[in-house]
Amino acid sequence: MSKFTKNLKYYIPVLVFGFCVGSIITNFIPGIILSKNIWEYLKNLLLLLPPVFILIGLFEVWIPQSTIEKHFGESHGISAWLWLILLSTTIVGGLYVSLPLAYALWNKGTRMRLVFAFLGFSTICRIPMTFFEASFLGIKFTLIRYLIAIPLVILFSVILEKINRKPITPNPQNT
Amino acid sequence: MQYLYPAALILLIISALANKKKTIKALSSAAKKFLNILPSFLTMIALLGIFTLIIPIESVGDILSQHTNWLGLLIALFVGSIVFVPGFIAYPLSAVLLQKGVPYYIIAGFTTCLMLVGFASLPVEITYFGKKIAITRNIAGFIIALIISLIVGIIYREF
């Protein structure tokens with residue numbers, strides 16, 4: 001990655017947040033709407049993420065790498081998929097909660113395809129969301145969606161692992 | 001979300017009772033990880049703010065009910081990939097759209113993309129997993145949503 005794209009994650013928030021502050025000072029209406037949107041997202045995120053990272057921290061120190069490698073590593077069994085589905089259904093929030101969790105699993109030696117599967121299952125098989133879906137769109141819809149989605153997520157996890165075969169070690173910068 | 005804090009707190013207490021040193025290590029590692037990824041999360045929020053300005057959540061329903069055909073499906077997949085609508089808004093909205101005559105397959109495509117594909121969360125995903133993994137995973141999510149949508153359409157005899 002070039003230096004510029006690497007630093008984009010600093011430029012974009014600084015620019016946008018600066019624009020928000022400027023808009024509030026100069027009473028620029030679209031900028032104020034933008035500030036309100038951002039504030040809502042920021043509030044949600046700062047409320048949701050701390051316990052997620054505490055759980056990740058505890059996971060890091062208490063669960064030995066060998067345990068994860070044995071059950072979710074290169075030579076995992078079929079049961080690993082089932083455990084993963086069970087674990088995923090309890091996840092709350094969206095991708096932005098699943099991503100740090102998936103990374104923690106990866107970091108501990110979880111095989112790439114199971115990490116992909118976790119990201120898939122945790123976003124489309126969450127229990128609280130499922131109840132919502134079934135009550136508004138019908139149980140039939142939810143059942144059909146599950147029966148199609150689970151095999152598809154597994155299939156695509158295997159494909160994605162094959163595509164991303166080469167550098168599959170976690171980025172040491174984030175550890 | 002309601003059980004996230006109690007769960008973290010209970011486990012933290014158990015951990016502290018078992019081993020104080022390890023617990024402090026866990027907390028400092030949690031804080032470090034959080035601070036490391038924070039710029040990417042802030043980028044995500046900035047992008048979400050901009051997307052919401054372009055496509056306000058209130059207008060998603062209007063956008064999705066405009067076309068109830070193939071074009072509508074494509075629009076639903078793209079809108080679902082870009083916007084962030086929590087489930088407790090997305091499903092009631094979907095029920096309203098169904099009543100308005102939007103077919104099930106469009107709803108299925110929209111809700112699946114909404115959850116599985118995240119254009120705004122790409123900065124976070126790239127920081128964790130690198131460009132290639134992040135982009136291929138999101139493309140795969142889009143294809144999965146498309147396949148789910150097509151099968152739902154066949155089962156509900158909407159084609």
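This note sets out points on a predicted model, for a reader with the structure at hand.

1. Confidence. The predictor assigns the complex an ipTM of 0.94 and a pTM of 0.93. For chain B, the average pLDDT is 95, and 99% of the residues score at least 70.

2. Domains of chain A. The domain assignment divides chain A into domain 1 (1–49) and domain 2 (63–174). Between the C-alpha centres of domain 1 of chain A and domain 2 of chain A the distance is 30 Å.

3. Lys70(A) and Asn44(A). Lys70(A) belongs to helix α3 (residues 65–72) of chain A. In sequence, Lys70(A) and Asn44(A) are 26 residues apart, while their C-alpha atoms are 36 Å apart in space.

4. Helix α6 of chain A. This helix covers residues 112–124, a total of 13 residues. From its first C-alpha to its last, α6(A) reaches 19 Å, which is close to the 18 Å expected at 1.5 Å a residue.

5. Helix packing in chain B. Helix α4 (residues 70–82) of chain B packs against helix α8 (residues 131–155) of chain B at an angle of about 140 degrees, and their axes are 11 Å apart. Angles over 145 degrees count as roughly antiparallel and those of 65 to 115 as roughly perpendicular, so α4(B) and α8(B) are classed as oblique to each other. The crossing in which α4(B) passes α8(B) is right-handed.

6. Positive phi at Asn27(A). Most residues other than glycine have a negative phi. Asn27(A), which is not a glycine, has a positive phi near 60 degrees. The residue is located in the loop between α1 (3–26) and α2 (29–62) of chain A. Because 8 other C-beta atoms lie within 10 Å, Asn27(A) is exposed.

7. Positive phi at Arg157(B). Arg157(B), again not a glycine, has a positive phi of about 55 degrees. Arg157(B) is placed in the segment after α8 of chain B, and α8(B) is the helix described above as packing with α4(B). Arg157(B) has 7 C-beta neighbours inside 10 Å and so counts as exposed.

How values were computed. Residues numbered from 1 in each chain as written. Chains lettered and ligands numbered in written order. Predicted model: local features only at pLDDT ≥ 70, side-chain atom pairs only at ≥ 80, totals over all residues. Helix = DSSP H or I, 4+ residues; strand = E, 2+ residues; numbered from the N terminus. Expected span 1.5 Å × (residues − 1). Domains from an automatic or database assignment. pLDDT = per-residue confidence, 0-100. Axes fitted to C-alpha atoms, helices over the stretch in contact; angles between N-to-C directions. Parallel < 35°, antiparallel > 145°, perpendicular 65-115°, else oblique. Left-handed = near helix turned anticlockwise from the far one by under 90°. Buried ≥ 20, exposed ≤ 12 C-beta atoms within 10 Å, placed from the backbone.
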